[in-house]
Amino acid sequence: MKNVGERTQLSVASPAAGANAPAGGEEQHGTRRRVARSILDHGPSTAAELAGRLELTQAAVRRHLDALVGEGIVEPRDKRVYGSRGRGRPAKAFALTDCGRDAFDQSYDELAVEALRWIERAAGGGEGGEAAVMAFARARAEKIAERYAATMDGLPPEDRAAALAEALSRDGYAATARDAPGTAAGEQLCQHHCPVAHAAERFPQLCEAETEVFSTLLGTHVQRLATLAHGDGVCTTFVPRKPHGTEPPRAAGSAPSRTAGRNPA
């Protein structure tokens with residue numbers, strides 16, 4: 001009998017898998033993968049939202065969602081409603097489970113976690129070990145910032161979050177930037193996928209260093225509101241709007257911002 005992880009690989013990562021294929025075979029698996037990928041790229045989504053993005057009927061989307069839920073790839077959640085809510089039950093949003101994310105890229109996880117544990121132990125554990133992991137996380141984040149700085153150099157403040165989202169998406173983070181709901185005071189930078197989410201669950205220094213770099217690149221205080229590593233449906237960073245003509249992002253390698261929001265516990 002296959003475990004959940006094995007079923008996930010068959011249904012999502014390998015659309016052509018045969019023995020367990022439902023009617024429609026490869027085509028059904030291809031569409032199911034598109035549904036899962038859309039949730040990965042856009043975060044928790046309702047059947048109506050998926051139908052609109054994928055140009056499918058809601059009935060067809062629900063059939064695929066039922067199958068994905070049965071395989072442990074997605075799970076239903078109550079959709080968050082901002083402001084006043086109308087009558088009736090709120091629509092269900094569907095989010096990827098850990099197994100669902102595993103279908104898109106894994107096998108680095110154990111190696112990454114073991115490497116970070118080795119760094120922690122080599123530094124003597126305790127506070128010294130935590131500091132050593134943080135130093136590694138900052139060095140890694142600054143390497144990423146060096147690549148992104150050229151893209152963002154000289155951009156006005158109102159364009160920086162979108163440019164950072166594009167850069168992150170090229171690195172597999174499926175990122176978007178949008179107005180923060182319920183306020184005109186800022187934007188939300190959302191990462192719908194994180195290649196190091198499992199390692200960050202054990203070592204939150206990775207998230208903290210990333211948040212510091214976001215603050216540096218965007219030239220403003222930012223606050224991390226949610227993370228995939230802590231079980232949220234998406235990594236969400238609040239970016240306050242700044243007036244025109246503010247300072248450009250500092251060069252990579254300069255002192256990280258001390259006002260960057262910390263990763264939630």
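So, where does alanine 174 lie? Alanine 174 sits in the loop between α8 (157–170) and β3 (175–179). Bear in mind that this is a predicted model.

Most residues other than glycine have a negative phi. Alanine 174, though, has a positive one, near 45°. And is alanine 174 buried or exposed? Buried, with a relative accessible area of 11%; the label applies because the cut-off for buried is under 20%.

There's also glutamate 55, which isn't a glycine and still has a positive phi, about 60°. You'll find glutamate 55 in the loop between α3 (47–54) and α4 (58–70). Glutamate 55 is exposed, with a relative accessible area of 74%. So we have a positive phi at a buried alanine 174, and another at an exposed glutamate 55.

Right, on to helix packing. Two packed helices are described by the angle between their axes and the distance between the axes. The pair here is α7, residues 126–152, and α10, residues 205–218. Their angle is about 35°, and the axes are 8 Å apart. As for handedness, the crossing of α7 and α10 is right-handed.

Who's touching whom? From α7, the contact includes Val133, Met134, Ala137, Ala141 and Tyr148, along with charged ones such as Glu130 and Arg138. On the α10 side, the residues include Leu206, Ala209, Val213 and Leu217, plus Gln205 and Glu212.

Notes
Residues are numbered from 1 along each chain as its sequence is written. This is a predicted model: local features need pLDDT of at least 70, side-chain atom pairs count only at pLDDT 80 or more; totals for chains, interfaces and linings use all residues. Side-chain values use heavy atoms; hydrogens and water are left out. Axes are lines fitted to C-alpha atoms, for helices over the stretch in contact, and angles run from 0 to 180 degrees between N-to-C directions. Helices (H or I, at least four residues) and strands (E, at least two) are DSSP runs, numbered from the N terminus. A crossing is left-handed if the near helix is turned anticlockwise from the far one by less than a right angle, and right-handed if clockwise. Contact means heavy atoms within 4.5 Å. Buried means under 20% relative accessible area, exposed over 50%, partly exposed in between (1.4 Å probe, protein chains only).
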